[in-house]
Each structure stands twice: as C-alpha cells, then as structure tokens.
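Hi everyone, thanks for coming. Let me put the structure up, and then I'll walk you through a few parts of it.

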Amino acid sequence: MESSLEAYQPLPEDIKRGTIRKVYSFVPLDPDEEEALAKFRAYATKNAIQIPPGVDDQHRMALKFMDSSKRKPKKAMKIMDKYQTWLTTELPVPINEVSTMLDQGFMYLLGRDKKFHPIMVINVRKMLNFNVDLNTALRLNYFLLTWAIEHMMVPGKVETWDIIMDLADVTASQLPINLLKNMMSKLSINFMCRLEKSFVINLPSTLNALYKLLKPFIDSDTKKKIIIQKDGWEPLLRGDINEDVLEVKYGGTRPNIDSGYFPPAFY
C-alpha cells in the first residue's frame, strides 16, 4: 500500500468538501481563504504581532488558525500562541518516555484507510484497566500523532487521519468523560484540522440514546466527521478501510493485535 501512495492523487472532494478543507499544503486556495489570510496578516501588522517562521508559508498554518477560530483574527492569534507554546515546551516526546505505554496497546496506529489516511485506535477499556490519567494519554497521543505526521502524511495529498474509539466493555458510569473531553480539547488545538473521521463504536446504550437526542443540535460539518454507533458499525468501517487492514474484532480479516503495537506492523 505504501508504494501505491506515490501514485495517489486526491480527488477535489478529498482536498476540500463543502466548507471543510482537508488538504492545506501546496494547493490553490479559494478567494474567501485568501481573504482570511489577508485579515490574519493585517491584524498581526496592526497589533505588532510577530508571526513565527513557518506559520504563513505554503503549509498554511495561518489558515488553519483562522479556520479554527471561525475566521476571527484575534482568536486565531490566541490559538497560534497556544500552538507555539505547545511546540516549544512539550515536543518532542522521546520514545523512552512512552515505550511502556506503547506496549500496552491502549492507543496504536492500525494502518491506512482506502485513501491513505492513517488510522489510530483508542481502546478505552484498556485505558481504564491501566488507570491512564490525562497527562499519560496526552503524551502518548503526542508521540503517535507526530510520528504519523512525520512518517505517514504526504503534504498536498494526505494530511488528515481517522480515529477508531472503541468503547467495548465500558459502561456509561465507567466512561472517563472528563479525561476524553480534555484530551480531545487539547488535540483539537495541537493537531487542528487533522481529523478525517472519528468512529466511536460500541457506545453504551444509555449514551447512545443521549447522542440521538443531541444529534439534531450538532453542526453539519462536525456530524460529517464523527460517526457514533452502538452497533452495526462494521459496514461503516469497511466502507472506508480495507478488510485486510481492519482487525477481526472490527469487522476485518486481520488477526487481532495483542502485542508488537509499535512500530506498526505495516511500516
């Protein structure tokens, strides 16, 4: 599959679908996006804000800041400051810091989907078994996702990933809602505009009912990215991911992984 990646050319809808841009680097921008960048630069100039190197280049981090702030320059600058602080104070994460956690397999890279997006699995039951706290979860996320960016992304072609969050054998009362909420909040800034799809599977019945009540109030762009299912999710996964990539427990043909989570077997 890695060799096929060289020949892969994303379709227009794989670059931008509606208002959701999936590929930012080295691609033409729409007029409204150019206008957003102009506003970003003008605000920085007016307020004597130094834009860090690499923010306003062809990788378009400046546009990501604007998109993440609903095109509000002042808020975009605050996001930029948080992002730069994270880069300089929390990265890189050395492998010796997370090697034990990698062996436990509560988060791991599974492979690529049919359009070459990396796939990360989060096994919430295992997180509970190992009593994982927020800092531990974040450090492992940072290591795996920065590794995926360095080794699996192709700027201008593949810039987003899939997440499979598995809630099997987790009751509603056991679900670490605050941990997951805080983790996703941090990741949404540190890895902004990186999510292709999030499959939340094996949702406890009570939470599944709650989600159905809340679903009409979730904006359409978010609903396109997040798929939440109690059951019947196997065809959805197979729609995006080849069966030989998916483990048997996820509706595929690949034997379930119980050791050797890193480096990923496909790499």
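Okay, one term before we start: helices here are DSSP runs of H or I with at least four residues, strands are E runs of at least two, and both are numbered from the N terminus. Please keep in mind that this is a predicted model, where local features need pLDDT of at least 70 and side-chain atom pairs count only at pLDDT 80 or more, while totals for chains, interfaces and linings use all residues. Residues are numbered from 1 along each chain as its sequence is written, and side-chain values use heavy atoms, with hydrogens and water left out.

So, let's begin with the rings. Phe, Tyr and Trp rings (for Trp, the six-membered one) pair if their centres lie within 6.5 Å; planes under 30 degrees apart are stacked, over 60 edge-to-face, and the rest tilted. Searching the whole structure turns up twelve such pairs. Take F65 and Y83: their ring centres are 5.7 Å apart with the planes at 65 degrees, so we call this pair edge-to-face. F65 sits in helix 4 (residues 61–68) and Y83 in helix 5 (residues 73–90), so the pair ties together parts 18 residues apart in sequence.

Are these two buried or exposed? Buried means under 20% relative accessible area, exposed over 50%, and partly exposed in between, using a 1.4 Å probe and protein chains only. F65 is buried at 0%, and Y83 is buried at 13%.

Y83 also pairs with W86, and that pair is tilted, at 5.8 Å centre to centre and 45 degrees between the planes. Y83 and W86 are three residues apart in helix 5, so about one helical turn separates them. Ring pairs link F65, Y83, W86, Y142, W161 and F191 into a cluster.

W161 takes us over to the strands. Two strands pair if DSSP finds at least two bridges between them. Strand 5 (residues 161–166) pairs with strand 6 in the parallel sense over six bridges, and W161 has L195 as its bridge partner in strand 6. Strand 6 also pairs with strand 7 (residues 226–229), again in the parallel sense, over four bridges. There, V200 has I228 of strand 7 as its bridge partner.
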